[in-house]
Amino acid sequence: MTEEVKTFEGGAHIPHFKIYTEAKPIEKLSSPSEVIIPLLQHSGVACEPLVKEGDKVKIGQKIGESEEFFSAPVHASVSGTVKAIEPRTVPTGGQETCIVIEADDGPQEFEMKQVRDPEKVTVEEYRECVREGGVAGMGGAGLPTHVQTSPRQPVDTLLLNGAECEPFLTCDHRLMVERAADLVKGAEFLMKSIGAKSTIFGIEVNKPDAIKAVQDQIEGKTGFEVAPLEVKYPQGFKSHLIKACTGRDVPRGARSAELGCIVRNVGTTVAAYEATVYDKPLIERIITVSGPNVPKPGNYIIKIGTPASHILKACGVEDLEGSKVVLGGPMTGLAQTDLEVPVVKSTTGVVVLPPNMVREEVDYMDCVRCGKCVEHCPMILYPNQISTFAEAEAYEEALEWDIMDCIECGICAYICPSYRPIVHMIQRAKPEVEKLQKR
Ligand code: SF4
Ligand code: SF4
């Protein structure tokens with residue numbers, strides 16, 4: 001491993017609040033009595049249900065799929081009976097058709113039986129298993145993973161994203177510490193599939209135990225290295241990770257494959273490994289449950305479709321007065337008002353922000369032109385200008401000032417002394433700007 005700590009220009013050093021869970025080993029959380037499985041949990045096309053109300057299903061059974069390439073099937077995360085197929089609230093705040101399954105007294109754990117020898121897995125088998133297992137990006141973006149297993153252009157580098165730069169979240173950290181062998185094996189599968197010559201694990205230096213665990217596993221292997229990264233937000237965003245790990249500049253709007261890289265989250269890599277070796281579909285994932293007042297914070301294996309209310313109760317959270325519940329991290333996650341919302345494949349955490357950490361949007365003030373948002377924007381944008389146009393519904397001007405290049409990292413809003421909800425303004429304007437672009 002090179003000792004040089006790598007990073008990118010811009011960004012911000014923000015408190016990371018990982019102390020609550022970074023040393024907590026991964027545990028299983030109790031199984032819920034009902035799961036809510038959205039038919040769209042990835043970017044792309046929604047699945048069609050393969051079951052109907054009243055059907056009995058077994059854990060791991062495929063219950064939804066699509067013939068479209070940009071889609072990933074969904075599977076039952078419990079054994080039970082299909083209670084409903086209906087629209088329910090999902091983490092984005094919108095409504096999606098979901099398959100609701102009431103658990104019964106059948107087996108509620110997937111049987112981990114090896115079905116393929118990891119040493120003999122072929123590229124074709126790997127690609128097929130990743131698709132059949134419904135593996136989709138688990139770091140937030142949610143792209144169906146099989147799409148990335150056969151890039152159309154030559155790729156020389158696989159980047160394993162272990163930065164986990166979002167405050168509070170530690171699920172990837174613990175996965176790297178506890179599952180490093182499977183992670184490296186999963187990286188070897190993918191490396192072969194995309195034809196890369198080298199694999200770089202990008203890990204922030206506040207996770208020395210994860211760096212060591214991965215380093216121990218890659219010792220003696222050709223083409224593998226760990227890149228220790230500065231603790232800086234948003235180090236784990238794709239373009240910033242590519243810049244930090246390879247030195248390659250990422251032009252705005254460029255896809256990583258155009259720069260010879262595929263970036264994969266560490267959790268997704270292990271899920272793809274399990275889908276291949278055990279035929280285990282993506283029916284559960286590790287998430288971090290955290291917050292200063294959470295009685296039992298931790299890194300928990302949680303079934304996909306588990307309602308947030310079940311998780312909060314199991315972690316001892318009772319009083320939510322004035323608090324904000326966020327699915328994901330506080331910078332890029334989404335605040336939830338309906339706590340029956342389910343955990344999906346891309347949910348990284350459930351974070352409970354106490355009243356003193358919640359900023360009321362209604363209290364924001366005019367821009368005082370301090371320039372801090374411009375100084376720290378990792379995309380080298382002018383968040384003050386863009387948000388002013390967005391707020392005024394001046395979408396043409398917002399487009400001219402590159403609103404669509406905003407990665408919604410949240411730094412500008414975090415740093416703004418006028419408490420301006422810059423990201424929300426940008427998020428609200430983007431669909432309108434998109435319409436303009438299509439004209
Ligand atoms: S404008 Fe977008 S990319 Fe820039 S700091 Fe704000 S949220 Fe991040
Ligand atoms: S940080 Fe806030 S007050 Fe300062 S320039 Fe940006 S929008 Fe204006």
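**Overall fold**

Modeller: The secondary structure of the chain comes to 12 helices and 17 strands; helices (H or I, at least four residues) and strands (E, at least two) are DSSP runs, numbered from the N terminus. This is a predicted model, in which local features need pLDDT of at least 70, side-chain atom pairs count only at pLDDT 80 or more, and totals for chains, interfaces and linings use all residues. Residues are numbered from 1 along each chain as its sequence is written, while chains are lettered from A and ligands numbered from 1 in the order in which they are written.

Colleague: What percentage of the 439 residues count as buried?

Modeller: A residue is buried if 20 or more other C-beta atoms lie within 10 Å of its own, exposed if 12 or fewer, and partly exposed in between, with C-beta atoms placed from the backbone. By that count, the buried share of the 439 residues is 51%.

**Strands**

Colleague: Is strand β9 (residues 157–162) largely enclosed or open?

Modeller: T157, L159 and N161 point one way from β9, and L158, L160 and G162 point the other way. In a regular strand the side chains alternate between the two faces of the sheet. Six of the six residues of β9 are buried, so the strand is largely enclosed by the rest of the structure.

Colleague: Which strands pair with β9 in the parallel sense?

Modeller: Two strands pair if DSSP finds at least two bridges between them. Six bridges join β9 to a parallel strand at residues 198–204, where L158 stands opposite T199. Five bridges join β9 to another parallel strand at residues 261–265, where the partner of T157 is C261. The two strands are β10 and β12.

Colleague: Which residue takes a positive phi in the hairpin of β7 and β8?

Modeller: Strand β7 (residues 80–89) and β8 run antiparallel and are joined by nine bridges, and I85 stands opposite I99 in β8. The hairpin has five residues between the strands, and the residue with a positive phi near 95° is G93.

**Domains and ligand**

Colleague: How far apart do the C-alpha centres of domain 1 and domain 2 lie?

Modeller: The chain is divided into domain 1 (123–277) and domain 2 (362–438), with bounds from an automatic or database domain assignment. The contact takes six residues from domain 1 and five residues from domain 2, where contact requires C-beta atoms, placed from the backbone, within 7 Å. The distance between the C-alpha centres is 30 Å.

Colleague: Which residues come nearest to ligand 1?

Modeller: A residue is near a molecule if its C-beta atom, placed from the backbone, lies within 6 Å of it. Helices α11 (411–415) and α12 (422–438) each supply at least two residues of the shell. Of the 14 residues around ligand 1, the nearest are C377, P383, C406, C409 and C412.

Terms used
Two residues are in contact if their C-beta atoms, placed from the backbone, lie within 7 Å.
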